[in-house]
Amino acid sequence: MSIKDYLDGDDLDLSLQGYTTKTVPVKELGRLKKGKKLDLSKNQIMYLPDSFVSTMGHLVKLDLSGNGLLVLPDNFGNLSLLQHLDLFDNKLNSLPLSLYKLKALKWLDVKENPELQFPPSEITGLCRNDTECKACASEVLEFLKKENHSLEAAKQKSLESKRAQKEALKKELERLEELERQEKKRIKQEEKSREKARRKAEYEAKLRAQQQQEEKEAPKSKPTRRSVSDSDSYGKSRTVLSVLCVVLIVIGLACLCFDPTLRPLLLNAAGEVQIALIGIKNRLSVVFNSLDKNLESFSPPIKTGLKAISSHLNTMLEVSYDTYAFSISLLQQQYQAISVYVTKNFFS
């Protein structure tokens with residue numbers, strides 16, 4: 001017989017046909033859209049085929065009692081038009097959570113499922129009559145709805161927790177990256193500082209070596225230059241002062257010839273010049289000593305040059321003073337001899 005032969009209005013009775021999971025004619029059932037009330041009771045269907053739910057979406061009544069069912073498909077709640085569901089006398093351990101979506105369900109019987117733990121028996125009730133089966137449908141849907149809400153809340157919380165952990169991990173990675181950048185920057189700065197210190201040390205060492213070399217070479221060249229300079233300075237100073245002495249002698253003789261009273265004044269003037277020269281020599285000595293103390297702040301070439309100039313000026317001053325002192329002494333003797341001679345021969 002064809003499956004259509006079992007169709008009576010919208011009732012399709014396929015009970016006691018010996019169907020198993022593999023032999024249920026899902027395709028043929030799907031084509032019979034008129035068979036909205038399907039009876040598959042008292043067969044040997046332990047599992048519904050995978051395509052059952054997607055094919056039988058037109059069902060309003062489904063009887064699966066007495067099959068020894070172990071589990072219902074997870075998407076069973078997609079039978080959105082289902083109003084009557086009979087699961088009496090099976091081996092179900094739990095009902096799929098998706099059943100909460102069966103908003104049209106008005107009647108449910110799950111008694112004689114000794115291993116059923118979800119929903120618990122206090123929710124499913126006894127289903128001894130039509131009224132209790134209607135109450136069972138209402139209680140089970142409400143229970144599954146709350147369970148789904150709790151599960152969704154737990155999933156959301158878990159998702160938020162994972163998101164927070166991911167965000168914390170991201171921040172930690174950013175912090176570690178920032179620490180790594182700072183460490184690299186610090187290492188780079190230390191390398192620059194060490195390089196700068198190294199160049200400075202090399203420069204100072206080179207400068208000290210140059211200074212030591214100049215100090216080694218200075219004593220060999222200095223005496224020659226100084227001796228030549230001193231000789232030139234001494235010769236020039238004696239020439240100038242000799243001329244000055246001659247001029248002073250001539251002026252003194254002229255003055256003495258015309259006015260003997262000018263002799264003490266001339267001698268006093270010569271003494272004042274000698275005192276002034278001594279003062280200049282003392283002051284310049286202080287300046288030279290101060291200059292020697294402050295030469296350390298100058299670079300070696302400038303320091304060497306200033307020392308040479310200071311020594312040269314000091315030598316010239318000493319030579320000039322000695323020459324002048326000798327000339328003054330000689331002049332005084334000559335003044336006295338001439339004065340005696342003039343006074344004796346011209347004013348006696």
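1. Let me start with the sheet: six strands form an open sheet in the order β1-β2-β3-β4-β5-β6, with mixed pairing. Strands here are DSSP E runs of at least two residues and helices are H or I runs of at least four, numbered from the N terminus; two strands pair if DSSP finds at least two bridges between them. β1 (7–8) and β6 (107–109) each have a single partner strand and stand at the edges, so one side of each lacks a neighbour in the sheet.

2. Please keep in mind that this is a predicted model, where local features need pLDDT of at least 70, side-chain atom pairs count only at pLDDT 80 or more, and totals for chains, interfaces and linings use all residues. Residues are numbered from 1 along each chain as its sequence is written, and side-chain values use heavy atoms, without hydrogens and water.

3. Within the sheet, β3 (residues 37–39) pairs with β4 (residues 61–63) in the parallel sense, over three bridges. Asp 39 has Asp 63 of β4 as its bridge partner.

4. Leu 38 is worth a look too: with Phe 76, Leu 38 touches the most other members of the 43-residue largest nonpolar core (buried Ala, Val, Leu, Ile, Met, Phe, Trp, Tyr and Cys residues joined through side-chain atoms within 4.5 Å). α4 gives the most to this core, seven residues. Beyond four places in sequence, the contacts of Leu 38 (heavy atoms within 4.5 Å) include Leu 12, Phe 52 and Leu 62.

5. Finally, Asp 109 lies in β6 and is buried (under 20% relative accessible area, 1.4 Å probe, protein chains only), at 5%.

Technical notes:
Buried means under 20% relative accessible area, exposed over 50%, partly exposed in between (1.4 Å probe, protein chains only).
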